[in-house]
Amino acid sequence: MFTRFQTKLIFLFAALFIIVQAITYFSVYFVTKNNLENQASTQLSYSSNVFSQSVNVSTEKWINEVKIYSTDFGFLSAVTTDDQATILSALDNLSKRIGANQAMLVSLDNEIVAEISDGNVHAIENDIFDQLIEIADEEGEAKAFLKIDGKIYQYTIVPILAPIPVAWVGLGVLVDKNSLLEIKKSLPLGVDITIIEQEDDKSIKSLETTLDQHINMQVGQLSQIIASPSQNKIFTLNRAQYMVQAIDLPSSLLDNQIKAVLTYSLDVAYSPYKPLAYALLLLLGIGLLSLIGGSVTVAKSVSRPLQVLTQAAQMIQIGKYEKIVDIKQKDEIGQLADHFNEMVIGIQDREEKIIFQSEHDFDTGLPNQFRMEKYIEKLLEKKRNTDQVFSVLQISIDRFDDVRNTLGYETSRRLVKEIALKLHNLATYSNLVARLSTVNFCVVLENADSVQALKFSKEIRKSFEEPLIVDNFTIDTNIKIGIASYPEHAQSADILIQRANIAAIIANDNIDHTSLYDQDKDSYDADSLSLMGDFRKSLEEGHVQFHYQPKIDLALNRITHVEALVRWTHPERGFIAPDDFITMAEQTGHIHHLTNWGLETAIAQCKIWAQDGIDLKMAINLSARDLSNKKLPDQITSLLEKYNVAHSQLVLEVTENAIMQDPDLALSVLNALDQHGLLLSIDDYGTGYSSMSYLKKLPVKELKIDKSFVLNLSENKEDEILVRSAIDLGHNLGLKVTAEGIEDAKSLQILRDLGCDLVQGYYLSKPLPVEELNEFLATSSYGLVKS
Amino acid sequence: MQYFKSLKFYAYIILFLAPYSILYSGSMVGTVVDQNGNLLENAVITIIGENSTILDNETVMPPPIMNQKNIQFSPFVLPVAAGTTVYFPNKDDVRHHVYSFSKVKRFELELYGGDEEKSVLFDKEGVVALGCNIHDQMLAYIYIARSNKFATTDKDGKIAIGNLDAGKYSAIVWHPRLKGKEDDFSQEISISQNGATNITFEIPLKREKNRKKKSNY
């Protein structure tokens, strides 16, 4: 129940309070005690004086009474003549006058001549009696407290003078409780008289007392009191505290065993102060209770808000900001709570900002890939159990690096914003637009299958037909769009995104630069990866082969060239189309294995043919990757030298597109190849966008018209015009022109008429394995150039 | 002063007679001291013969007088032989009421101022304490000796008793404050024909009474 803070506070306060109270209490106690003891001491001294005076006065009175009798001649006469009757009557009279209980006349021989007594006066011990008379003789009087038959008497012995002593009168007054009580009346409250007798060295007997019961006093205590009468001794007698003072009883005896002590009850003295003590204790109790109560309240007012704050802090720790600490105190804790709340709001704001930033693109404010994945995951959850569909479109900006390098970062950033805005405007409210990376945007189309997605992609494409104007620059923006649809192409968010991306890459190959995901073209597919593994193996094991397609020189009507075309017969899957695995090999970096293999295989074949006396120029296709390999010229040269094959025997075909991927690098590699004496050919001419001026820069010797223009040449006049102009262009640039894809005789004739230099196609011969080619060479009507 | 003058007077008489006595008889010179060695005045020494027949009729003694003058008795101690009449002349102007309750002799004398005729006969041996019923401070003793050979000590505690036949005697001493009985302090003495016998008594005394309280009565 008690928290540590509370306990500490309570203990601290309580301890301080008790210390203060204790100091107060003991100060009051000691001052009071001191005062009381002083008071008691004063009372006792006063009482002692009163008591002694009272005794002395009565003694004095009796002595004087006796002296009056001494002057009476009648009495003297009776005494001296031993007139018993007269003496007795005189003693009787005397005793009544002074209230004596015993009166006696003693002769000079110490014999009791006459007596009036309530008891036995002869019980007085002889030696004490004689001693008293002797004292009376010398002093004129003798006084003592005597115990006679167990009773105490105050005795006075006075001589009868005529004028010298002729006899002694002894007077005894009983000292009993009543007479002591009578004296007590004139003493202060709390003072009592006790007559004691020291019986021997060990015991003291209380003979008479005004106390309720006799006290038991020790000899040691008594001797202490007597030793220093001025000091007040406090003793516990009969379980009560008394201050005790001895009284000097008037006694003529040197060693009177009967003594008196005055006791002052400290309990009585303390009694008026007891309410004060109780009041102080009550104060302590009430004080402690209210202090504990107060401490608890104070502690709670601190610890409860602290608990609330702690809980709130724990909530914040786990990222929950809903709870606002509600502490209405206006003190420092309240301020702390207010600041705490402000802090929470601050943290919340910043966290929201951070989360927003972590989920959004900085430049465009669009959701980023992370957010999009989450969005798609949510969507998937929603769609999982229904047959609803959705599609993910990836829009990639082409040649963004060029734009950025040319126009600068700021402008390119604004361009991206414009693109984002454009996409955003196209998307309806239910479509999410995100930016995945610098050049990649993504649109999630709800309730759209791949067909609808394609439709939408056309809208996008259409909107990008107009150039964008940014910072007064007019920028043509080329985009690629890849589409992956749920559930058609993938079942999970990341794979959907991945496949849309792959589709966008593949889209490059399509004329409209838009592609649905196609697993067959997906070199990143797990299947494809294993296929690439197989491909390397197949290269080593000879399952990859070159087929050679002859090219016919129309001027000579002879077979002068062959183009080496790779064929892969997978041991399990059988024939795999070159387009499929070459693209894959390019994408996965396996292409250089193929290049290495292809160059060596082709050059080796050249050597074989050369040895067989067959003169054929060998054409090899280089990929875009090869054009970025600066070591390629040296590599080819060393291979040619290795097989002792002339440089002119080799023709290297490169596509326009391959060159355009990194034109500068490609150009430098091409120039190097050219300088090594290697022949270069532009492949697939007409499909790219290379300008004529650019074409002019290229160190090529041959131009190969793309087969798409040739395949329908016999039927399509437009194609014929294109082919004609291509041939004219080539010839004008000093290039040989080759047409491939000849399917029929009519096309061949057209090309022959147009002055095409070389032709190849299925109509002439399909690509053949080397054995079949050799046979074809031997049997073909075209034949070889005779050396 | 009268008292002392009269004392001197008697002393001169004694001294005058002394050479005669010494010629024909022995004498005794005594000193009395208390237990502390102080010389005691007013001590009475009595010489008692073996056969108690000491008679010296030749010695003529003037009549003994107990004066009352200046509210005092004088002398303080008056030794007399038994059968002596003592006169009590009142030389004061005030009345005195002289009394004795001593067993040896009880009497009362009412004496008017200037009254000089009253006398009392002391016929028994012993001590008579005299008081005045009017004046408590007045106190004197009449010592009735057992023989006629006695004397009181002077201020120097000395006495001289002459005219004694040679022989053996016993000497007793008395003093108003003597503690004990006279006979307790008796001494045997030998008197020779020529010369004086020295004797010294050392006697215990009671303490002097505190008499101040008597003055009120």
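Helices (H or I, at least four residues) and strands (E, at least two) are DSSP runs, numbered from the N terminus. By that count, chain B has one helix and 16 strands. This is a predicted model: local features need pLDDT of at least 70, side-chain atom pairs count only at pLDDT 80 or more, and totals for chains, interfaces and linings use all residues. Residues are numbered from 1 along each chain as its sequence is written, while chains are lettered from A and ligands numbered from 1 in the order in which they are written.

**Chain B**
- Of its 217 residues, 31% count as buried (20 or more other C-beta atoms within 10 Å of the residue's own; exposed is 12 or fewer, partly exposed in between; C-beta atoms are placed from the backbone).
- Take contacts (C-beta atoms, placed from the backbone, within 7 Å) between residues at least 6 apart in sequence: in chain B, 66% of them join residues at least 24 apart.

**Nonpolar cores**
- A nonpolar core is a set of buried Ala, Val, Leu, Ile, Met, Phe, Trp, Tyr and Cys residues joined through C-beta atoms within 7 Å.
- The largest has 120 residues, and Ile45(B), Leu130(B) and Ile142(B) have the most contacts inside it.
- Helix H1 (residues 4–70) of chain A gives the largest share of this core, eight residues.
- Beyond its neighbours within four places in sequence, Ile45(B) is in contact with residues including Gly30(B), Val32(B), Phe150(B) and Phe201(B).
- Another core, of 70 residues, lies apart from that one; Val544(A) and Leu679(A) are among its members.

**Helix pair in chain A**
- Helix H10 (residues 369–383) and helix H14 (residues 493–507) of chain A pack at about 120°, with their axes 8 Å apart.
- H10(A) and H14(A) are therefore oblique to each other.

**Where chain A meets chain B**
- 13 residues of chain A are in contact with 13 residues of chain B.
- Helix H2 (73–80) and helix H4 (126–139) of chain A each supply at least two residues of the chain A side.

**Pro699(A)**
- Pro699(A) sits in the loop between helix H21 (692–697) and strand E24 (702–705) of chain A.
- With 14 other C-beta atoms within 10 Å, Pro699(A) is partly exposed.
- Leaving aside neighbours within four places in sequence, Pro699(A) is in contact with Leu670(A), Asn671(A), Asp674(A) and Leu680(A).

Key
Contact = placed C-beta atoms within 7 Å. Axes fitted to C-alpha atoms, helices over the stretch in contact; angles between N-to-C directions. Parallel < 35°, antiparallel > 145°, perpendicular 65-115°, else oblique.
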